[in-house]
Amino acid sequence: QYKSLLGEYIKPGADLSDLVKKVKFLVKKLQPFSCDKIWTNDEKKHIPVILAGVFSLFTILRSGASFNRIEEAGGSSTFGDQLLMKPHNIQVLTLLYMFGCGKGPRSSLESQLMQIRTGEGKSMILGAAAAMLALLGLRVRTVCYSEYLSSRDFRLFEEVFQKFGVLDLVKYSKISTFAEDSNASKGNIRDLTESLLRGDLSSAKLGSAVIDAPAAKSPQRRLRSSSPTTKKKKQRTSTSSISHTETSIDGTEGQALDALKPSTSVAEEILLVDEVDVFFGAEFYGKTYNQVIEFKEPEIVTILKRIWDAYSKGGHRLRLNDVKAMSDYKRLLTKMASFGYLLDNEINLMLNQVKRVDDVPYFLDTEHDRIGYKVMDSISYNVTFGYATIFAYLKEADNLKNRGAALSRALVMPISCGQFSYANISPTRIMGVSGTLAAIGEYEKNVLDGYGLNKYIFVPSVYGESNFQFDKAGDGICFESSKSNFYHKISAEIVAATKSKRAVIVFFRDRSKLNEFIGTATYRQLGRHKSLLTEDMTPRDKDFVINKAATAGQITLSTAVFGRGTDFFCKDDSVEKNGGVHIIQTFLSEEVSEEVQIQGRTARQGKRGSYQMILLVSELESDFGIKAVEKEQLPKGQWYQWLCNIRVKHQREQCILIEENLKNATEIDGLTHDYFDSLLAGKKAKSKEQFKNLYQLMKKPPVPSSVHIDLALAIDVTGSMAPYAQSTVSTIENLLSGPSSLISKLTTNFPEIDFQLRLGCLCFRDIDDGSGKFTELVISGGSHFTSHVSTVLNFVKRACAASSGGFDLAEDIIGAIHRSANWQNGKDWTSDIKFMMLFSDASAHGLLPAPLVNGDNYPTRHPEGLTTNDAVTSLVARDADLFFCSFNPAATERTEDELSKYFKKHPDNVAEHCVVRIPMVPKESAISSTSS
């Protein structure tokens, strides 16, 4: 049938619409159709003929023009035939079995997964299956783990879908997108929530959000049985012959061949799966996706800009009360009546996340004025990281092509209004093909069983036995103890393969690991024939690199995401002759399936190929928690099994975490659906209550039961501080004891937390004060911290009463910070929160104003070589902030500025610790600085 149709309709000028009509006529014989419908053999005999029609149309659309050009030019018919994109026998048999042929006289459409060796045409199988299912009137979603691969595979069959008129029934996407679209069919929770926040939730608003039959809320992931029978039976592969009663696509007996449309009465949806791994990807199982409103008001724009300006210009760090004092806040609050708790929390998030604008690397698309983030093998411009992304737009404001429009679009208040579990999907059937079924474990099988997937079919290869080479007991596995040796080994293997006129593809875990290799001298010595394959490249650039990767002498350095599904097909005879494409994997995969997929990038479609792992021992130790010495106790032939055992243990631990995440995701999914149902029913009061509970659950960070705080006091006790001695003591007394103390205020505001405060104290004089320069509180055992407030207060009172020394206008502030931040006892600086409070009335050495520089005995260099950066480095290493309490703000201003500058630019200050300035007296009231 396929050959007959191809021969008839591939001819130039043939009417393909006639072929389409014939296929649709046969499809009508199977309608009305449902997944539970029992097919008889008389009905199933039409399936191979319909499939022949689908594939003949595909072949003609994809390669018919090229074939005809060869024919018209008088070229070899054999060569022309080789150009045709035709299905091979295993692809056809897979599809026939998928649609019930060979399963006995009566069967229905079943959920099932079929294993096809990597590189043997899963895309064609899924495309043809999608076309046939859509012709039957079913909605079809073909899912893959990658947006790039989904787009590629859709384009392969797009014209076929168009010709058959089923384009609106077929969609290709990631599985996460499928979950999102499934819930979107219930209504628009975002629009309804915005109406609730603005106080105008009404029946008029519900009309556009509700459909006749809302999607069922079900926090359970287990679906209905994959077959119409209720009793489960052990599945086994069997063969049976189809009735000899033949049918023909031309057997229409002269009936009118109208443009038949697929039935629209059936709303069942089929999930077609490209690789079983999609169920266990990092962004699906156990994960949720947020429903977020982009709340837009001019007051929000003003508040965001104010917060960004304060942060970016290094001025006063704004607090919530600072923002609440703004008139814009008050106007915004009137627009969100009864939602003040939400507004305050969102502003707190702004104040927190303004510091985290660079925490996740982002990509600025200057052509379209948008910011994106890496997701698998692509840059997604739909992913955001809350206010960090919004502040990134303000940071990049000068680089935006259309600044006004871009900021107008970006400066919003993103308000979470629910979370749906990705795992809560319920298609009518799940069918698919995968190259890694044999690699899945019991945990994965149990998960799939929850989706009604318990039937696995293993299909033989059309190319016979594989020509894949992996020397597990020899040079196929290499361990390197140092990064230098690791990089040299990778380069040496690359050079050896390319000298043999082979192609090499090297897979790194992620872009950061790839960048490390690119920065080495060994990389620069690899010559010109090397290319990078990374997520941030355009689809066209990716295609270019992929298409030339399997040519002689070519080196391709890729991130691991391209190890799944990417077709590095080898057409270079010299590469094949010399052993095929060589794959190097530079890390141990956490899942066997990923390793199998990476191996599958070579030896494709019966060709030759080889694979090896080159592993860095320190990464194995950090990633899997093992000790490298274990390997040394094993013969080389057992190394691979040792790695597999490590991976199995690691996977067991990960499964526990995944199930915990799934439990949490399922819980919040249920709460979201409850809230959603109240919105759809127009229950305003109940919706408000549910929204508040849901919002606070999503936005409230986990609260610890106890918090330990280390506070180090560094007190200047030189002669110039004598007038401030009593004020210093009183300030510290109020801070540490009484109803206004630090702990009392924290306990009042956070009654659920047990705060524990430890105190340390160092009193300092100047450099020239010799042995009296530092006086420290040391507790028994050598620790500098104690929880006894009275002990510290007595120590402070004695030290301040004996203020003396200091023989110039500057003091050893840098030395005092450095010394106390470097207390080395094992019990020092061990709490959750750490900070230092420094009391002084003088500048640090080297930082006096220019007119007073002669009053500094050490204006250029500390005698111990200490610098401002050293002091800051010590505090950053302790994760501590510095509170500078100044009794002479004019004298200490430059010192505070210098400390702030070094905090801000310190490369290790990822937590953004800083100097908090606390003037103890008005700037104009300070006593003039004089030497003591």
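Predicted model: local features only at pLDDT ≥ 70, side-chain atom pairs only at ≥ 80, totals over all residues.
Serine 182 is partly exposed, at 25% relative accessibility (buried is under 20% relative accessible area, exposed over 50%, partly exposed in between; 1.4 Å probe, protein chains only). Serine 182 sits in helix α9, residues 175–184. Residues are numbered from 1 along each chain as its sequence is written, and side-chain values use heavy atoms, leaving out hydrogens and water. Helices (H or I, at least four residues) and strands (E, at least two) are DSSP runs, numbered from the N terminus.

**Helix α14**
- Asp328, Tyr329 and Leu332 are buried in helix α14, residues 327–335.
- They lie on the same side of α14, because they cover an arc of only 100° around the axis (taken from the directions from the helix axis to the C-beta atoms).
- The buried residues of α14 pack against α12 (298–312), α13 (320–324), α15 (340–353) and β11 (413–421), where contact means heavy atoms within 4.5 Å.

**Salt bridges**
- The count is 46 salt bridges, each a side-chain nitrogen of Lys or Arg within 4 Å of a carboxyl oxygen of Asp or Glu.
- Lysine 699 and glutamate 346 form a salt bridge at 3.4 Å, N to O.
- That pair links distant parts of the chain: lysine 699 is in helix α28 (residues 684–699) and glutamate 346 in helix α15, 353 residues apart.
- Glutamate 346 is buried, with a relative accessible area of 0%.
- Glutamate 493 pairs with lysine 489, their closest N and O atoms 2.9 Å apart.
- These two are 4 residues apart in helix α19, so about one helical turn separates them.
- Arginine 511 bridges to aspartate 536, with the closest N and O atoms 3.1 Å apart.
- Arginine 511 is in helix α20 (residues 511–518) and aspartate 536 in the loop between β17 (530–533) and α22 (539–548), so the pair ties together parts 25 residues apart in sequence.
- Shared partners join Glu194, Arg198, Glu297, Glu299, Asp328, Arg331 and Lys335 into one salt-bridge network.

**Backbone geometry**
- Most residues other than glycine have a negative phi, and most peptide bonds are trans.
- A cis peptide bond, with omega about 0°, joins glutamine 31 and proline 32.
- Glutamate 275 has a positive phi, near 80°, and is buried at 8% relative accessible area.
- Lysine 501 has a positive phi, near 65°, and is exposed at 53%.
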